[in-house]
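Hi,

Here is the model I promised to pass on.

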Amino acid sequence: FIGEQFGQSKACQAIMQKSGTHIEMSNSRDGTLTCLITGKEDQVKQAKRLIAAELQTQDSASVAVPKEYHRFVLGRSGKKLSDLEMATGTKIYVPRQGDASELIKVVGTKESIDKAVHEIQ
């Protein structure tokens, strides 16, 4: 358990540096981990996404979206995709233009994947 806590602490230090936030962690008796993140709103969202990617169990789902609609998921210069990833705490992979696949892959926690898939559809 101590080793796991040290690993989480190192991960949080890296996330604080990367996001410009301050993170406090505490373990409760029932084994849950609570994180308090302070900083600017966009920095806190980034830190939440990074913590989820680092510490939570990841899952993935694929959504079939016709190629002609991929540009609406991406938005201008990838802005809409980036905003969607930040809002849902997921990582979204859209096939490149030359790729024949229509599948958009969403990676994150089960709850965040459901949110992102709902937004994409």
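Below is what turned up, going from the overall layout to single residues.

First, the ground rules. This is a predicted model, where local features need pLDDT of at least 70, side-chain atom pairs count only at pLDDT 80 or more, and totals for chains, interfaces and linings use all residues. Numbering starts from 1 along each chain as its sequence is written, and side-chain values use heavy atoms, with hydrogens and water left out.

The chain has five helices and five strands, in the order α-β-β-α-β-α-α-β-β-α from the N terminus. Helices (H or I, at least four residues) and strands (E, at least two) are DSSP runs, numbered from the N terminus. The C-alpha atoms fill a box of roughly 50 × 30 × 20 Å along the principal axes. Of the 121 residues, 30% are buried (under 20% relative accessible area; exposed is over 50%, partly exposed in between, with a 1.4 Å probe and protein chains only).

The largest nonpolar core has 13 residues (buried Ala, Val, Leu, Ile, Met, Phe, Trp, Tyr and Cys joined through side-chain atoms within 4.5 Å). Val73, Ile92, Val94, Ile104, Val106 and Ile120 have the most contacts inside it. Helix 4, strand 5 (103-108) and helix 5 (110-120) each give two or more residues to this core, and helix 5 gives the most, with four.

Val94 also shows up in the lining of the second largest pocket, together with Lys67, Glu68, His70, Arg71, Leu74, Pro95, Arg96 and Gln97. By class, that lining has three nonpolar, two polar and four charged residues (Ala, Val, Leu, Ile, Met, Phe, Trp, Tyr, Cys and Pro count as nonpolar, Asp, Glu, Lys and Arg as charged, the others, Gly among them, as polar).

Now the rings. There is one aromatic pair: the ring centres of Tyr69 and Phe72 are 6.2 Å apart with the planes at 35°, so the pair is tilted (centres within 6.5 Å; under 30 degrees is stacked, over 60 edge-to-face, the rest tilted; for Trp the six-membered ring is used). Both are partly exposed, Tyr69 at 44% relative accessibility and Phe72 at 47%. Separately, Lys91 lies over the face of Tyr93, 5.5 Å from the ring centre (NZ of Lys or CZ of Arg within 6 Å of the centre and within 35 degrees of the ring normal).

Last one: Ser77, in the loop between helix 3 (70-74) and helix 4 (79-88), has a positive phi near 55° although this residue is not glycine. Ser77 is exposed, at 79% relative accessible area.

Cheers

Notes. On a 1 Å grid over the protein atoms alone, a cavity is a set of points where a 1.4 Å probe fits but cannot get out, and a pocket is an open set with protein on both sides within 12 Å along at least five of seven lines; lining residues have an atom within 4 Å of a point.
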